[in-house]
Amino acid sequence: MLNNPVSVSMELNGALFSIETGRFAKQADGSVIVRHGDTMALVTAVASKKESDKDFLPLFVEYRERTYAAGKIPGGFFKRESRPADREVLSCRLIDRPLRPLFPKEFHSEIQIASHTFSADGQYSADTISITGASAAMGLSDIPFPEIVSGVRVGRVDGQLICNPTFDQLDESDVDLVVAGTDEMVVMIEGSCDEISEDELLDAVDFAHEWIRKINALQRELIEKVGAPTKRELKPAEVDEALAAKVKELAAEKMDQAVRHRGKMERENAVSAVKEEVKAALVPEDDTEGIGAQVSKLLYQLEKDTMRQMVLEEKVRADGRGLKEVRPIEIEVGVLPRAHGSALFTRGETQSLCAATLGTQKDEQKIDALEGESYKSFMLHYNFPPFSVGEVGFFRGAGRREIGHGMLAERALEPMVPASEDFPYTIRLVSDILESNGSSSMASVCAGSLAMMDAGVPMHAPVAGVAMGLIKEGEKVAILTDILGLEDHLGDMDFKVTGTRQGITAFQLDTKIAGLSREIMTQAVSDAREARLHILDKMDEVLPAPRKELSQYAPKMSTIQIPVSKIGALIGPGGKIIKKLQEDTGATIEVNDEGLVFVSAMDQASGQAAIDMIAGMMAEPEVGKRYKGLVKRITDFGAFVEILPNKEGLLHISELDNKRVRSVSDVLQEGEEVEVEVLEVDPRAGRIRLSRKAVLNAQK
């Protein structure tokens with residue numbers, strides 16, 4: 001590594017974007033500081049010098065945010081960063097997904113890419129620039145990574161596309177799209193939007209790709225300044241042609257029959273039987289030469305080739321469907337008697353049970369991020385137990401895959417969730433995957449939409465999702481709708497698209513090839529729209545609109561806006577007044593900094609009583625208006641009457657009656673109700689003059 005820093009830079013969205021090497025972490029195989037504005041991330045790449053015996057790429061990606069980057073000290077007892085937050089886990093996946101398919105298949109050494117956010121300016125995000133940093137770090141190392149890849153985020157404000165928008169711009173944007181790619185192809189897309197069209201999505205991807213090429217050129221400039229390193233030699237995979245011929249002779253016909261079994265378990269059992277039969281015939285008991293491992297690889301490749309050729313040549317899929325055909329759909333709602341809303345969504349051999357729970361403002365999730373604290377009132381959690389794929393496994397906390405799938409489904413549904421001002425509930429969805437054979441995250445979107453509608457959440461529109469696949473060999477291309485797990489595993493693309501009848505709300509693209517052309521993506525999103533409308537039709541047959549009433553087990557929520565200046569009056573010293581209101585009504589009362597009061601209760605009467613009392617407390621007495629008040633105190637010169645909560649006026653003895661009154665107690669007693677009229681309000685002195693005589697005169 002260099003002794004002197006070398007950097008390259010360009011202007012990007014009104015701030016300097018730069019990549020620097022030679023100053024930090026010089027013992028890593030490759031390291032760079034990527035900076036946009038005052039947001040800085042150190043990205044390092046290290047590969048083990050030992051060759052791994054694994055038959056897959058052992059790539060490990062870590063993304064960590066240091067709280068000192070934003071001038072903060074971590075909360076909690078230990079005062080240090082703990083396990084990665086969901087946001088950091090999602091950023092790990094964001095970096096991993098565009099890079100993994102581009103590594104040479106012959107390279108199996110363990111690789112670790114690590115990104116650490118060292119400075120956060122509260123305007124520019126470090127996650128997307130870390131994709132670029134990872135590519136640059138490997139480009140400066142001896143790790144055999146043949147491509148240059150960059151990642152950008154795209155927003156759209158007032159119809160104008162913006163590359164790497166600030167957080168403020170994203171707040172106003174109807175698109176939040178992350179795209180990564182090489183000069184030629186897009187390799188990864190992820191994001192959400194507010195019902196945009198397919199053409200608008202593709203235009204945003206094209207816009208991103210233009211900037212990706214510019215940043216790729218910047219990386220090449222840096223590598224050229226430093227000097228391109230010598231890459232490690234790759235050992236080409238040795239293929240025993242004679243053994244391959246034997247495997248093909250023994251297994252080709254039987255494998256072709258096995259992969260055509262329409263049921264997942266039957267197909268897997270049939271394929272396993274073929275593999276075991278071939279291994280028994282070709283692998284000696286004392287396998288000292290590793291023949292068993294070679295046979296396993298050859299059988300895997302034969303299974304893959306058989307499935308792919310069947311799709312490309314016959315236009316028939318493993319389960320017998322056509323390329324655009326969606327699997328049979330079954331839907332039930334209200335399946336859980338005590339949940340506030342529930343849905344069981346089954347598509348083929350993929351099944352999601354989703355439950356919706358409605359909570360109050362205190363159930364919101366607090367997010368402590370580098371750019372500041374925020375609160376989430378809508379969340380979706382996704383669980384993938386091992387029995388859903390017929391396996392035995394450990395039940396642990398949510399892994400990276402579960403967090404990623406849950407966030408994709410959450411983004412898909414969030415644009416259609418009503419604002420808290422219109423529906424003042426915290427909403428939690430939990431999708432438990434009970435069966436899985438292809439796109440359980442898209443099943444979670446459909447089940448989540450139905451569960452909320454079953455709970456009575458007034459969604460703007462129902463949302464459905466579908467996963468698209470691709471088989472590509474040379475010029476032969478087949479785009480698959482509603483892919484199976486096998487087609488995901490052995491295919492070239494996983495493109496998930498969610499949306500309403502109006503437009504797209506979320507998307508996620510991963511590829512196993514060098515990238516996708518606009519032509520392929522155009523066809524994929526067009527086919528996805530057809531499938532989405534078909535699924536929405538099936539959902540409408542069961543539940544065409546949100547239920548008009550909430551579950552009897554859900555808390556009854558309502559809101560009332562009060563002046564910010566009167567928040568203190570509602571709360572009272574030490575919370576005395578708000579506590580008393582809750583005791584008297586049985587309702588739970590919460591107020592935010594904007595003066596929006598949330599009232600929740602288990603019955604409508606309690607909630608309405610609290611609303612009425614709060615409204616009375618906030619009301620101002622009006623001259624000439626009559627009130628039924630409560631006599632609080634009696635003095636020699638009159639009575640003090642509470643006409644509104646915590647608002648008393650003086651009913652002077654001369655205003656008690658038309659005739660002369662010798663003593664106030666001759667007419668009124670403490671605790672007695674009396675109807676009075678407001679004669680005068682002096683807000684500066686805090687005085688209110690009342691009259692009972694005016695009421696008596698009006699009754700004559």
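What is the handedness of the crossing of helix 8 and helix 9? In this predicted model, the crossing of the two helices is right-handed.

Two packed helices are described by the angle between their axes and the distance between the axes. For helix 8, which spans residues 400–413, and helix 9, which spans residues 440–455, the axes come within 9 Å and cross at roughly 45°. Helix 8 is therefore oblique to helix 9. On the side of helix 8, the contact involves Arg401, His405, Leu408, Ala409, Ala412 and Leu413. These residues meet Ser440, Ser441, Met442, Ser444, Val445, Gly448, Ser449 and Met452 of helix 9. By residue class, the contact of helix 8 with helix 9 consists of 7 nonpolar, 6 polar and 1 charged.

Helix 9 also has a place against a sheet. It lies across strand 18 and strand 20, and its direction is at about 160° to that of strand 18. Both strands belong to an open sheet of 8 strands, arranged in the order 8-7-9-10-21-20-18-19 with antiparallel pairing. The edges of this sheet are formed by strand 8 (160–163) and strand 19 (476–481), each of which pairs on one side only. Between neighbouring strands of the sheet, the turn is 15° on average, with direction ignored. A further helix, helix 1 (residues 86–99), lies across strand 9 (175–181), strand 10 (186–196) and strand 21 (504–511). Helix 1 runs at about 130° to strand 10.

Strand 18 and strand 19 form a hairpin, with 2 residues between them. Gly474, in the turn of this hairpin, has a positive phi of about 65°.

Another hairpin is made by strand 14 and strand 15, with 2 residues between them. Strand 14 runs over residues 365–369 and strand 15 over residues 372–376, and their antiparallel pairing comprises 5 bridges. Ala369 stands opposite Gly372 of strand 15.

An open sheet of 3 strands, with antiparallel pairing, has the order 22-24-23. Strand 22 (556–561) and strand 23 (588–591) are at its edges; each has a single partner strand, so one side of each is left without a neighbour in the sheet. From one strand to the next, the twist averages 20°. Strand 22 and strand 24 (residues 596–601) run antiparallel and are joined by 6 bridges. Gln561 has Leu596 of strand 24 as its bridge partner. Helix 14 (residues 604–618) packs on this sheet and touches strand 22, strand 23 and strand 24. The direction of helix 14 makes about 150° with that of strand 24.

The loop between strand 22 and helix 12 (567–571) holds Lys566. Lys566 counts as buried because its relative accessibility is 17%, under the limit of 20%. Apart from neighbours within four places in sequence, Lys566 is in contact with Met618 and Glu620.

Asn164 is located in the loop between strand 8 and helix 3 (167–172). This residue is buried, with a relative accessible area of 5%. When neighbours within four places in sequence are left aside, the contacts of Asn164 are Leu12, Asn13, His36, Tyr124, Thr128, Ile129, Val152 and Arg153.

Lys248 is found in helix 5 (residues 241–258). With a relative accessible area of 56%, Lys248 is exposed, because the limit for this class is over 50%. The C-alpha atoms of Lys248 and Val278 are separated by 9.6 Å, while the two residues are 30 residues apart along the chain.

Key. Residues numbered from 1 in each chain as written. Predicted model: local features only at pLDDT ≥ 70, side-chain atom pairs only at ≥ 80, totals over all residues. Heavy atoms only, no water. Axes fitted to C-alpha atoms, helices over the stretch in contact; angles between N-to-C directions. Helix = DSSP H or I, 4+ residues; strand = E, 2+ residues; numbered from the N terminus. Parallel < 35°, antiparallel > 145°, perpendicular 65-115°, else oblique. Left-handed = near helix turned anticlockwise from the far one by under 90°. Contact = heavy atoms within 4.5 Å. Nonpolar A, V, L, I, M, F, W, Y, C, P; charged D, E, K, R; others polar. Pairing = 2+ DSSP bridges. Buried < 20%, exposed > 50% of the residue type's maximum accessible area, 1.4 Å probe, protein only.
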